[in-house]
Amino acid sequence: MRIPRTFFFLLFLLIAGVPATWAHARLLRAEPAKGASVSPAPKQIDLWFNELLEDGFNTVTVFPEAELSSVEKHSNFAKGKPSVDGKDRTHLTVKLDPLPPGEYVIEWRVLSRDGHSAPGRSTFHVSAR
């Protein structure tokens, strides 16, 4: 029995049309923004994702960029655990210890409500006043 080409074409369209349902949480926006230079130093990090997040299973680390390749365990200027905003479950926040001027890396791993975990990284600069 031969299956017509149109069946495979329709199957392809069906699969190609729903990849977003299989995707992981993706960062939409950050404060400070990726590559931003800020002064004064931020008191918290805000991250917005394209999917709803589960609270309690997310991590955010903020460390000097100089430690990116030279240190196995990074300093962490993030205070406590990050929390998901109860009014906007795509918004993740973590408070920060005071940051001296310099380049910083934000690393995260978030768990979306569909059960998928996703990592990411962003950078920003704190300039001296």
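Student: Which helices and strands are there in the protein, and in what order do they run?

Tutor: The protein has one helix and eight strands, and from the N terminus on the elements run α-β-β-β-β-β-β-β-β. Helices (H or I, at least four residues) and strands (E, at least two) are DSSP runs, numbered from the N terminus. This is a predicted model, in which local features need pLDDT of at least 70, side-chain atom pairs count only at pLDDT 80 or more, and totals for chains, interfaces and linings use all residues. Residues are numbered from 1 along each chain as its sequence is written, and side-chain values use heavy atoms, with hydrogens and water left out.

Student: Why is the pair of Phe49 and Trp108 called edge-to-face?

Tutor: Rings of Phe, Tyr and Trp (its six-membered ring) pair if their centres lie within 6.5 Å; planes under 30 degrees apart count as stacked, over 60 as edge-to-face and the rest as tilted. By this rule there are three aromatic pairs. For Phe49 and Trp108 the ring centres are 6.1 Å apart and the planes stand at 75 degrees, so the pair is edge-to-face. This pair links distant parts of the chain, with Phe49 in strand β3 and Trp108 in strand β7 (residues 102-111), 59 residues apart.

Student: What makes Phe77 and Tyr104 a pair, and of which kind?

Tutor: Their ring centres are 5.7 Å apart and their planes are at 90 degrees, so this pair is edge-to-face. Phe77 lies in the loop between β4 (59-64) and β5 (78-84) and Tyr104 in strand β7, so the pair ties together parts 27 residues apart in sequence. Ring pairs also link Phe77, Tyr104 and Phe124 into a cluster.

Student: How do you know whether Phe77 and Tyr104 are buried or exposed?

Tutor: Buried means under 20% relative accessible area, exposed over 50%, and partly exposed in between (1.4 Å probe, protein chains only). Phe77 has 18% relative accessibility and therefore counts as buried. Tyr104, with a relative accessible area of 3%, is buried. Of the 129 residues of the protein, 32% count as buried.

Student: Why does Lys43 count as exposed, and where is Lys43 found?

Tutor: Lys43 counts as exposed because its relative accessibility is 69%. Lys43 is found in the loop between β2 (36-38) and β3 (44-49).
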